[in-house]
Every structure is written in structure tokens, then in C-alpha cells.
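Colleague: I've got the sequence and the model open side by side. Could you walk me through what they show?

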Amino acid sequence: MLSNAMARQLSQLRNIGIIAHIDAGKTTLTERMLFYSGTTHRMGDVDRGNTVTDFDPEEQERGITIQAACVTFRWKDSIVNLIDTPGHVDFTAEVERSLRVLDGGVVVFSAREGVEAQSETVWRQADHYNVPRIAFINKMDREGADFYGTVDEIRKRLEAHPLVIQIPIGVGPPHMPDAFRGVVDLLRMKMLTFPSESQGAQVVEGDIPADVQADAELWRGQMLDQLFDFSNELAELLLAEEAVPEELIRRVIRDATIHSLVVPVLCGSALDHVGVQPVLDAVSYYLPSPADKPPVEGVEPAKPDVSITRKPEIDQPFCGLVFKIQADKHGDLHYVRIYSGELKGNTRAYNPRTDKKENISQLWHVQADRREQVERVEAGDIVGIIGLRHSVTGDTLCDPKEPIVLEAISFPETVISMAIEPESSADRKKLSDALDMLKRQDPTFRAQESPETGQTLISGMGELHLEVIKHRLLRDFKLNVRVHKPRVSYRETVPKAVEVTGECHQAVGGQNLFAKVRIRVEPFDGDQPVLVTLGPGIALPPEYLAPVLEVLTQQGEGGGSLGFPLMKVKVTILGGEAHETESNEIAFRRAAADAFHKALQAAGIVVLEPIMKIEIVVPEEYMGDFVADLQQRRAVITQTHPRGRNTVIEAEAPLATLFGYSGAMRGLSQGRASASLTPSHYGPAPPEVAQGFL
Ligand SMILES: Nc1nc2c(ncn2[C@@H]2O[C@H](COP(=O)(O)OP(=O)(O)OP(=O)(O)O)[C@@H](O)[C@H]2O)c(=O)[nH]1
Ligand SMILES: [Mg+2]
């Protein structure tokens with residue numbers, strides 16, 4: 001466990017995440033790392049539900065990770081803060097928020113499955129946040145494992161530059177004649193084995209077996225060729241055919257990795273304890289410390305177009321980002337990545353979004369489900385704070401005298417909803433408290449009570465997400481709630497552009513009110529669901545413009561004619577008309593609301609439904625059945641291609657037709673196919689869907 005006494009220098013620190021497709025072996029790898037680093041004295045197992053990072057009973061029962069878990073350990077000279085993330089697509093927010101604050105990543109691939117759909121998703125997320133990474137090709141002990149095939153897929157499918165720095169010795173399970181038994185380290189040109197008597201704790205270095213020698217030389221040559229352009233010093237030695245020192249190769253790889261020019265590739269079997277320590281070495285050799293990252297960028301709270309930066313130095317003004325909240329009976333624990341300066345317990349920090357000072361009561365270093373209090377933290381650290389009351393995920397905390405707003409974290413739209421209702425009125429308050437707590441923790445979870453029906457509509461990222469929430473409510477919060485079947489979360493948009501004038505022409509309490517507001521409402525593709533902007537040269541007094549903007553923004557957030565949230569809509573204020581004595585703020589608010597309603601009526605309604613990207617890996621003989629089944633689900637098949645002895649079908653289909661798909665898919669293939677579903681976008685629903693709501 002990390003202790004206060006663990007003094008450190010910034011260059012020693014590694015803030016890293018483990019990311020991958022579901023079941024690739026992230027938690028198993030993390031568990032091994034904790035054991036070999038001496039942090040734990042017993043090695044847990046996902047299949048027995050006793051790992052450090054999958055500590056939640058829900059995770060242990062299902063054998064999958066649901067929440068990102070932080071651990072800290074020492075490896076040789078490095079201090080590693082590691083976040084083990086979930087691979088299931090329903091919990092993608094956990095990956096997003098982790099990558100937002102981490103400096104480097106270990107991407108795990110299954111050598112048998114290669115680059116899977118979710119591997120690609122997490123790869124793109126890491127690209128988005130400029131996170132340098134190394135790759136670990138796991139499960140080399142499985143039948144059908146293909147190291148070189150996976151490297152090839154990394155190159156082609158992820159358009160990355162894999163740099164092979166290890167090759168496997170043998171492949172497949174122990175009963176095979178040429179079973180997987182170790183790796184060749186191409187820098188040292190040594191064989192590494194990990195005797196099972198010590199549960200792999202001992203790394204034995206030996207000579208490369210004769211039958212692997214030629215391959216090892218070939219791949220070392222390849223590695224050096226790839227590095228040629230990155231260092232004159234190395235290039236000169238290669239041209240002169242002189243020996244290249246190991247230390248120089250490491251330095252060049254480190255530099256190229258930090259600049260995301262290459263992705264060093266290692267391999268092993270986390271389950272069978274092969275190749276884990278070299279991954280730890282690679283983390284400290286090749287992944288950046290906070291000091292290797294460019295200064296963090298933000299803007300001035302009052303002037304969003306003025307950018308400011310903060311270096312990861314202790315004498316810079318303090319700033320940090322809230323990336324995760326864990327609700328707790330004793331007060332929420334806010335996870336914060338510190339980017340600059342230092343922070344002490346029992347002090348205050350400023351949140352520019354809420355314009356409030358927050359109490360920093362206690363600081364904690366978190367180790368999965370345990371914590372240890374610390375007095376102070378500094379640039380580069382990840383810390384749990386108790387005391388914050390008004391901060392949410394994505395908020396910046398900073399020195400009140402030197403305010404800055406860092407880039408927030410973007411989370412995807414929810415796609416699926418489920419109605420729930422409390423059994424008794426006594427449960428109503430309890431339910432609303434529980435839902436508030438869940439919402440604080442999970443930015444992809446929504447809950448909204450309908451006063452008319454008494455039901456609460458909860459929405460999330462998929463069936464499993466809502467299922468897990470349901471379990472929490474029933475089991476952890478011991479609530480009596482009736483739960484309805486999940487259904488699709490629809491959206492509304494407008495099919496065409498319209499221009500309308502909203503009016504207020506009323507007599508209220510003996511006073512005449514007058515205002516006119518002209519707006520255009522049109523379809524639009526942007527980041528925000530509803531964008532409200534000002535047209536050029538508007539002749540409206542500023543005291544009326546602000547309330548008009550506010551009303552239109554509120555209306556946009558309030559939903560469309562059918563009550564679904566609006567999206568892909570742009571509202572432009574074109575102008576208005578005021579009367580010398582009869583116009584006031586109220587009149588303009590009413591005229592703006594009137595304009596909005598008129599515009600929606602004039603434009604008409606398009607109901608949008610979530611469309612999923614589906615990737616199915618299916619044995620050839622079941623191909624026909626799968627294609628026929630997909631056609632019934634309104635699917636469009638975009639591509640099919642072979643992978644090993646299987647075929648990969650890529651398709652898109654409405655979520656509405658995919659409920660219970662995993663069960664149906666198992667039935668169609670006797671459990672031999674696998675599928676992954678990712679929300680892709682919102683597309684127009686067929687007219688009968690909209691008809692059903694009218
Ligand atoms: N044969 C073999 N199985 C492995 C290996 N590593 C992990 N597994 C198994 O693969 C399954 C998934 O392992 P996890 O470590 O939970 O995978 P994960 O990537 O954390 O999965 P999620 O967190 O749910 O995304 C478990 O049954 C592990 O025992 C390996 O190297 N070889
Ligand atoms: Mg896991």
C-alpha cells in the first residue's frame with residue numbers, strides 16, 4: 001500500500017490505464033502486477049471472484065469489470081498509479097474518464113481473438129486523448145493464439161505502428177508439442193521464462209533456443225529498422241554495422257513511444273504467469289511520466305477564448321480535474337487528477353463552473369476498495385478528496401486566485417430506458433435519493449420522474465448497464481421497486497428548416513405586453529444536441545436578448561413535441577420587435593417560448609432511434625442463418641471478411657430490434673459465435689414508430 005513516506009520524484013511516476021475489449025485479461029494482468037510488485041501476497045483470480053480490482057460483488061458474480069478501479073504500487077524505481085478499466089461497451093464512460101486523466105496506456109489484446117470491436121473503440125478513445133501506449137498480446141497459451149496475426153491487425157485495423165520488442169516461444173496450451181513457454185527479449189537477445197513453481201515470480205534469463213534464433217534475429221533487425229529514422233546516433237551505428245547499446249535502443253523507443261510514433265508490443269499469458277514483469281518494465285521504460293507530457297491546457301473562466309497552460313510543477317498555481325465520484329455513506333469521494341501545484345487537506349479550492357469555493361477536507365490515496373489518508377498531494381498525483389459538495393465529473397478545481405477551466409470529459413448519449421416505480425410512497429423518497437447518488441457516480445446514467453405516471457424513467461448505455469443499476473437498487477439500497485421492461489430511448493429532431501415569429505400580445509393585470517421574436521429552426525449536425533445561436537446584425541436590446549437566449553436554450557433542453565429529448569437541431573435568433581412602453585423581459589420570454597413551439601409545429605417531427613454497430617464473429621457454417629436473422633432485424637450488413645476459420649459480419653441495426661440478441665445469437669450457433677454491439681448514432685425511425693407515439 002502506498003504510504004506517505006513514499007517520497008517520489010515526478011519522473012518516477014506513471015499514471016496508466018489498462019484498456020481492452022471485454023475478457024482480454026486486463027484484471028488478470030493487473031492482479032499479477034500487484035502480486036509481482038509485492039503489493040499483495042496472494043494472487044487472485046477473476047474466475048474465483050477474488051481479485052483486488054474487481055471488488056464489487058456485482059463484478060465478482062459476473063466475472064467482469066464494471067467500474068474502473070485505481071491501484072498504486074512500486075515497480076523498481078517507478079511508482080505506478082494504475083486504473084483497471086472495464087471492457088464491456090455499456091461501461092465505456094469508465095474508459096473515457098480514465099483516459100482523460102492518464103498519461104499512458106497498456107492495451108491488452110487476446111492473441112486468439114486479435115483486434116476486436118471494442119479494442120478498436122478504446123484505441124480511438126486513447127487517440128482522442130493523445131495517450132501513448134504499449135500493447136500486450138495476452139492469452140498466448142490458448143489454442144489458435146496468433147501473435148503475428150494480431151500484430152498485423154494492429155497495423156492494419158488500428159492504423160498504428162506496432163514495434164515488436166518481444167517474440168513468443170511456442171504457442172498454445174501445455175499439452176501441445178510446441179506449447180507457449182516464454183518470450184524472447186529482442187533488446188537483450190535473451191529468452192525469458194517464468195517458472196510456475198514460483199507462480200511466475202522469478203524471471204529466468206537464458207539463451208535463445210536454436211530453433212527460434214533466426215526468427216529473433218529477423219525481428220530484432222526489423223525493430224532496429226523501424227527505429228532508424230528516430231535517432232541519428234542509432235542510425236549511424238546501424239550503417240556502420242556496429243553494436244547498438246541496449247541503453248540507446250531503450251532511449252529511442254521511449255522517445256518514439258511518448259510521441260505516439262510507435263507502440264511497443266509484448267506478449268505473454270497473464271493467466272499462466274508468463275511475460276508480466278516485462279510489461280511492468282516497459283511501463284517504466286517507455287510510458288511517459290507527468291513530466292514528459294506537454295503542459296495542461298485550459299481557458300480563463302470569464303474569457304473562454306483565452307487559453308492558459310499549467311506545467312506539472314509544484315510552484316505553479318494549483319489545478320486539477322474531477323474525473324470520478326464514488327458515493328459513500330460518509331460523503332462522496334471525488335477522484336481528482338492534479339495537474340499543477342499542490343493541494344493540502346483542510347483547505348479550499350475554487351470550482352469555476354459553479355463559481356463556488358469547495359472544502360478540501362481530507363485527501364486519500366485509494367487502493368481499490370481501501371484508502372489511506374494523506375496530508376498533501378502535488379502535480380502528477382491522483383487523489384480522492386472528501387468535502388466537495390457541488391462538483392461533478394469533468395469539473396476543474398483550481399487556485400481561487402489563478403482560475404482556469406480544463407477541458408471537460410464528453411460522455412455518450414444514453415440509448416436505452418426502463419420505467420421503474422416504487423411499491424409504496426415510503427420508498428419514493430428513498431428511491432429518489434438512491435437515483436441521485438447513482439447519477440452523481442455515473443454520467444451515463446439518467447433518471448427522470450414523471451409527475452403524471454408516478455414512474456421514473458431510468459436511461460443508460462445498454463441492457464447490462466440498466467440490469468446492474470436495477471440490482472444495485474434492489475440489493476444494495478434494499479428498495480421495493482417495480483421494474484418494467486427496458487425500451488429504446490428515442491430522440492426527436494426537425495426534418496427541415498423553418499422561420500417563424502413568436503408573439504406576445506396580452507393584457508396582464510391591466511397592462512399590455514408586447515414582443516415579437518423571429519427565429520430559424522433547422523436540422524444540424526454538431527456536438528451539442530441543440531445549438532442556440534445569434535444571427536448576424538440583430539436589432540434587439542441586450543436586456544431582451546439574454547432572456548430570449550435563456551428561454552430558447554431551456555426549451556431546447558426540455559424536449560420536442562412527443563416529449564423525447566431533441567437533438568441535431570439548430571436555433572438561430574433572427575430578430576424581434578419591441579414596443580416603446582409595452583415591452584419588457586416577461587413579454588420577450590413569452591414570445592421566445594411561442595416562437596419555439598410554432599417552429600416545432602411548422603417543421604414537423606422526425607423520431608430518431610439509436611442505431612448499433614454490430615460485429616459478429618461466426619463459424620462459416622452458420623453464416624446463412626445469421627444473415628437471415630439480421631435481415632429480420634432491419635440490419636444493413638456493411639462488410640463481411642474472414643478471420644481465421646470464422647467469418648466476421650459487420651452490420652448496423654436499430655437497437656429496438658436487438659433486445660436479447662446475445663441469447664438469440666448463442667441459440668443460432670450453439671454458443672460458437674460472439675458478437676459485440678456498440679452504439680453508433682441516432683438515425684430516423686420508420687414512420688410506424690413515430691405513429692405509435694402520436
Ligand atoms: N487462457 C487464458 N485465459 C486468460 C488469460 N488472461 C485472462 N484469462 C481469462 O480470461 C477471462 C477474462 O479475464 P479478465 O482478466 O477478467 O479480463 P478483463 O479484460 O479484465 O475483462 P473485463 O474487465 O470484463 O473487460 C477470465 O476467465 C480469465 O481467467 C490468459 O493469459 N490465458
Ligand atoms: Mg476486468
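Colleague: Let's start with burial: what share of the 694 residues in the protein chain is buried?

Modeller: Keep in mind that this is a predicted model, where local features need pLDDT of at least 70, side-chain atom pairs count only at pLDDT 80 or more, and totals for chains, interfaces and linings use all residues. Residues are numbered from 1 along each chain as written, chains are lettered from A and ligands numbered from 1 in written order, and side-chain values use heavy atoms, without hydrogens or water. Buried means under 20% relative accessible area, exposed over 50% and partly exposed in between, with a 1.4 Å probe and protein chains only. By that rule, the buried share of the protein chain is 55%.

Colleague: What is the radius of gyration of the protein chain?

Modeller: It's taken over C-alpha atoms, and the globule rule is 2.2 Å times the number of residues to the power 0.38. For 694 residues that rule puts a compact globule near 26 Å, so the chain agrees with it at 28 Å.

Colleague: How many helices and strands does the protein chain have?

Modeller: Both are DSSP runs numbered from the N terminus: helices are H or I with at least four residues, strands are E with at least two. The protein chain comes to 16 helices and 37 strands.

Colleague: Which residues are the protein donors of the magnesium ion (ligand 2)?

Modeller: Donors are N, O and S atoms within 2.8 Å of the metal (3.2 Å for Na, K and Ca), and water is not among the atoms, so the site may look incomplete. Two OG1 atoms, lying 1.9 Å from the ion, belong to Thr27 and Thr65. Thr27 sits in helix α1 (residues 26–36) and Thr65 in the loop between α2 (57–62) and β2 (69–75), so the pair ties together parts 38 residues apart in sequence. Both are buried, and the donors you asked for are Thr27 and Thr65.

Colleague: Is Val374 buried or exposed?

Modeller: Val374 is in strand β20 (residues 370–374). Its relative accessibility is 3%, so Val374 counts as buried.

Colleague: And which residues is Arg472 in contact with, leaving aside its neighbours within four places in sequence?

Modeller: Arg472 belongs to helix α11 (residues 463–476), and at 16% relative accessibility it counts as buried. Contact means heavy atoms within 4.5 Å. With those neighbours left aside, the partners of Arg472 are Asp56, Glu58, Gln67, Leu438 and Phe477.
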